[in-house]
Amino acid sequence: MRSIIVALWSIVVLTISCTNSVPSPIIAGKDSCTECKMGIIDTRYAGEVITNKGKIYKFDDIGCMLSFLQSKNQPENKYQKILISEYLNPKNWLEVKDAIFVQSNEIHSPMNFNFAAFADMTSLNTFFDTKEKQTYNWSQVKELIKL
Amino acid sequence: MKKTKATIILFLLFYYGFANIINIHPESISNNIQKYIDKASYGDTIVIHPGIYTSVSLVLQKSLHLIGINKPILDGDFKNELLRINADNVTIEGFIFRNSGKSGMNEIAGIRCIDANKIIIINNEIINCHFGIHISNSSTLTIQNNIIKGTPFEEQNTGNGIHLWKCNYANIFTNNISGHRDGIYFEFVTNSTIQDNISTFNIRYGLHFMFSHSNLYLCNEFIQNGAGVAVMYSKNVRMEENTFIKNWGASSYGILLKDISDSWIYNNKFLYNTIGIHFEGTSRIEVVRNEFQNNGWAIKVLASCMDNRFEHNNFISNSFDVATNGSLSLNTFSHNYWDKYEGYDLNHDGLGDVPFYPVNLYSMIVEQNPNTIILLRSTLIGFLDKAEKAIPSLTPENLKDSSPFLKLNSL
């Protein structure tokens, strides 16, 4: 009897844990991009989309993520989270709405979109001279990359 | 007048016709190779004798030939780039380059060429470097007989073995590449040949094409790379007589074809791969006389592909021969040998009399719901497949081989 209860509880716990969705880190060399199927190695440019149902899609480049979102053609509030790696600290996810983007030929992203995301202006300034580089927010990036 | 002309010609001949040979020994008073390079003049040969040269960071800005005798070791002490070439007509032969610096931002390489034409890199060993050979914006290159070995401690920080960006007319022959991100990486490279190379144990792909048209790769071996070989966003690529072995993993392929057209896949061998060839967004590709043996999926053709031809291939002992995700197939299959074919040949012409449908019901189910793979080889699936064969409902009706070979195609 006891073992049955334990089994039932474990099922309940498992089902609950399935619906709870936390951003999942990208494992370089193991995960691959949903859109272009390439293996993800350089996590600095990676992105992740979490749907309201908790399904996680991983991308190697912001361009692939946008092409996926455009092909789905749904409003962004249909997704729980749309995330992009912080360029200087790739283990950290940023919400795309909060991120500051820079495009440059000096950085070389896997699909040649060459966008890097930063958390704030100070970290961006340590890396790029912003007088020369134009910064973009998420909606501007979406305007720039129309696939 | 005639005499003066002759003397001028003779003078020029002496001046340019006879290049000097400069010898460097490790025990030379100054074994700083860069000093000798700066002093040398156009077309000279610098011979470097065996020994270990440390803290090497050379820059070549004129046409020179660097020849190593008995493989002298050029060590970068994990600090910087070992050799940068920014000139035409350069030969680098017979060295061991080792321990370059590593950086996420800069593409540090064992040998880096920028805007350099007619470069020959031959018989070198490049060990423990971030990128092995990194060439950009160059043409007419020969990279031959090199051994390139990386140590992928931090996967993210490993560069590619041979990395070409915006190059053309490159010949890459008989190199052995291992332990890098991609063994050979082509981006915007045209009219090049990759032949007789061995690319193994690279973290991502053995060979990776991006936006590279009109290239040829033949007789290469790609063994146990993270995800096989990827040919993406390219056209006019010939892939012949290559061997793809043990590219095994959740998203691993023999070849991953994505958005490529007008290409040829002839006489290749695909053994023990998760997916032999994955077709996505491809058109007008001829897949002829290949052998698919012991793969999970021999070929996966997504519905976005059209006008591909599959002829005279052998499909032996694969879990799934063909998988697709749509109900319509615009590709043609003919004269293939399928070991799962159970038909007959009454008129003895060597071809089966009933068509073979290589896509079975179960592979369609797995395509839609990958978790059902757990039911592989169960009795239930056996029944379902038999029922589907009798009354087809889910499998694409026109994906069939109307003239399957009963005996193995001779390859």
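Modeller: Chain B holds four helices and 38 strands. Both are DSSP runs numbered from the N terminus: helices are H or I with at least four residues, strands are E with at least two. This is a predicted model, in which local features need pLDDT of at least 70 and side-chain atom pairs count only at pLDDT 80 or more, while totals for chains, interfaces and linings use all residues. Residues are numbered from 1 along each chain as its sequence is written, chains are lettered from A and ligands numbered from 1 in the order in which they are written, and side-chain values use heavy atoms, with hydrogens and water left out.

Along the principal axes, the C-alpha atoms of chain B fill a box of roughly 90 × 55 × 30 Å. The chain has 411 residues, and 53% of them are buried. Buried means under 20% relative accessible area, exposed over 50%, and partly exposed in between (1.4 Å probe, protein chains only). Chain B exposes about 18,100 Å², with 56% of that from carbon and sulfur atoms. These areas come from the Shrake-Rupley method with a 1.4 Å probe; for residues, only the protein chains shown count as cover. Take the contacts in chain B (heavy atoms within 4.5 Å) with a separation of 6 or more: 48% join residues 24 or more positions apart.

Now the partner. In all, 23 residues of chain B contact 22 residues of chain A. The size of an interface is often given as the accessible area lost when the parts come together. Here the buried area is about 1,700 Å², and carbon and sulfur atoms give 53% of it. That figure is the loss with a 1.4 Å probe, summed over both parts. The rule finds one salt bridge across the interface: Glu280(B) meets Lys37(A), N to O, at 3.4 Å. The rule asks for a side-chain nitrogen of Lys or Arg within 4 Å of a carboxyl oxygen of Asp or Glu. Six residue pairs are in polar contact between the chains, both residues at pLDDT 80 or more. A polar contact is a pair of N or O atoms within 3.5 Å; within protein, one must be able to donate a hydrogen and the other to accept it, and residues adjacent in sequence count only if both atoms are side-chain atoms.

On the chain B side, the elements giving two or more residues are strands E18 (184-190), E21 (207-210), E27 (253-258) and E30 (275-280). E27(B) gives the largest share, three residues. By type, this side has 11 nonpolar, five polar and seven charged residues.

Met232(B) sits in strand E24 (residues 229-232). It touches both chains: its contacts include Cys36(A) and Met38(A), plus Phe209(B), Met210(B) and Leu256(B), leaving out residues up to four places away in sequence. Met232(B) counts as buried because its relative accessibility is 0%. Its C-alpha atom is 14 Å from that of Ile265(B), 33 residues along the chain.

Asn225(B) lies in the loop between strand E23 (221-223) and E24. Asn225(B) is buried too, at 2% relative accessible area. Its side chain reaches the backbone nitrogen of Asn202(B) at 2.9 Å. Asn225(B) also touches Tyr205(B), Gly206(B) and Asn247(B), among others.

Last, Ser403(B), in the segment after helix H4 (379-390). At 15% relative accessible area, Ser403(B) is buried. Beyond residues up to four places away in sequence, Ser403(B) touches Ser334(B), His335(B), Asn336(B) and Leu351(B).

Technical notes. Buried area = accessible area lost by both parts, 1.4 Å probe. Nonpolar A, V, L, I, M, F, W, Y, C, P; charged D, E, K, R; others polar.
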